[in-house]
Amino acid sequence: MIKNTEINTPFSVQNLVRKTILNMKSYSSARDEFKEFETNMVFLDANENPFSNGFNRYPDPQQKLLKTLLAKQKKVSLNQILLGNGSDEVLDSLFRAFCEPNHDNVITLPPTYGMYGVLADINAIENREILLTKDFEPNVECILKNVSKNTKIIFLCSPNNPTGNSFSDESILYLLRNFNGLVVLDEAYIDFSSKGSWLSELDDFPNLVIIQTLSKAYGLAGLRVGILYASEEIISVLNKIKPPYNLNTSSQDIALKKLTQNTLTAQVKKIISERESVVKSLQRIEFIKQIFPSDANFILIKVDDATLRYNQLIQAGIVVRNRSNQPLCENCLRITIGTKEENSQLITTLKSL
Ligand code: PMP
């Protein structure tokens with residue numbers, strides 16, 4: 001067990017929240033004050049245009065229908081859900097609710113999703129970067145050694161972007177048990193993973209925050225719907241700072257329809273089987289030095305010269321992501337799994353280089 005004398009206070013949401021947020025009164029919108037807005041009433045309360053066009057009314061600020069469906073499907077309570085304009089918005093809300101600018105810090109584990117660091121910068125929060133190990137696992141000992149009394153959040157991305165692997169359950173569990181701030185587990189790619197979500201553990205860990213999104217497996221990146229699951233206490237803090245109408249009417253309606261149809265599995269199965277066949281084809285290409293195992297809808301590969309190969313692909317009309325500037329990712333390209341036709345175009349091009 002790691003001893004860190006700076007962190008001996010027990011976990012408490014109230015102790016973690018920024019003082020101004022703790023003491024503030026949140027904005028109460030017209031639609032918040034009168035909640036039964038779906039019934040047939042005369043609405044003269046929100047300064048809307050009265051002429052119907054499908055969008056003249058403000059959307060439901062509580063996103064009740066969407067949350068009710070998600071709660072049922074994911075077996076959590078409605079009050080354990082926060083919805084945002086993409087997961088980037090809910091991630092940002094964690095900084096604004098829990099991190100005191102120019103005072104607190106968070107821990108991120110490069111190479112990982114770049115927005116954690118960007119959001120730290122935007123919110124004037126120190127970002128303590130602890131590299132993943134060589135096999136892309138969290139270095140738990142080093143992470144806990146770097147925790148101070150002002151460390152509010154540890155960001156874990158599993159399956160991790162850009163490496164594609166899922167973190168071991170032991171590492172996640174260890175951090176949940178030994179860190180008294182928030183452990184944010186970004187499960188953006190969980191539907192492509194052979195490992196299950198940590199959502200079923202939510203009630204056992206008051207410091208666990210899980211982020212999911214409709215942008216990947218659900219195929220709704222353009223709709224912008226991100227989901228944060230946490231304890232009711234954490235959600236009620238985040239609700240205090242949520243912009244009242246952060247999920248527009250179309251996003252709520254279309255997300256509801258898509259989640260009801262439940263077409264997720266067929267597409268996900270196709271993407272996973274394409275991933276396996278792309279890996280097989282990549283193995284036969286000489287300048288590809290390493291193909292990292294993937295639990296996501298993309299593959300990280302190490303090539304002889306990433307910038308050269310990236311530019312050659314661009315010339316052939318194929319855009320991948322050059323991740324060479326990330327630590328541990330020298331000469332690495334991240335390739336998203338496309339349709340069968342797109343993938344074979346990629347493989348044909350790579351073979352011809
Ligand atoms: N988390 C991870 C790990 C991601 O890779 C991404 C997007 N690339 C996001 C979150 C953001 O997703 P959203 O579209 O929901 O904002």
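Student: Hi! Where is the place of Asn178?
Tutor: Asn178 sits in helix α8, which covers residues 169-178; helices here are DSSP runs (H or I, at least four residues), numbered from the N terminus. This is a predicted model, where local features need pLDDT of at least 70, side-chain atom pairs count only at pLDDT 80 or more, and totals for chains, interfaces and linings use all residues. Residues are numbered from 1 along each chain as its sequence is written, and side-chain values use heavy atoms, with hydrogens and water left out.

Student: Does Asn178 count as buried or exposed, and why?
Tutor: Asn178 counts as buried because its relative accessibility is 16%; buried means under 20% relative accessible area, exposed over 50%, and partly exposed in between (1.4 Å probe, protein chains only).

Student: What lies 2.8 Å from a polar atom of its side chain?
Tutor: That is the backbone oxygen of Tyr174.

Student: New topic: how is the chain divided?
Tutor: There is domain 1 (13-260) and domain 2 (264-352), with bounds from an automatic or database domain assignment. Their C-alpha centres lie 29 Å apart.

Student: How many residues are in contact there?
Tutor: 23 residues of domain 1 are in contact with 20 residues of domain 2, where contact means heavy atoms within 4.5 Å.

Student: And what area do domain 1 and domain 2 bury between them?
Tutor: About 1,700 Å², with 64% of it on carbon and sulfur atoms. Buried area is the accessible area (1.4 Å probe) that two parts lose on being put together, summed over both. In domain 1, Phe136, Pro162 and Phe192 lose the most area to domain 2, together 35% of what that side buries.

Notes: Helices (H or I, at least four residues) and strands (E, at least two) are DSSP runs, numbered from the N terminus. A polar contact is a pair of N or O atoms within 3.5 Å; within protein, one must be able to donate a hydrogen and the other to accept it, and residues adjacent in sequence count only if both atoms are side-chain atoms.
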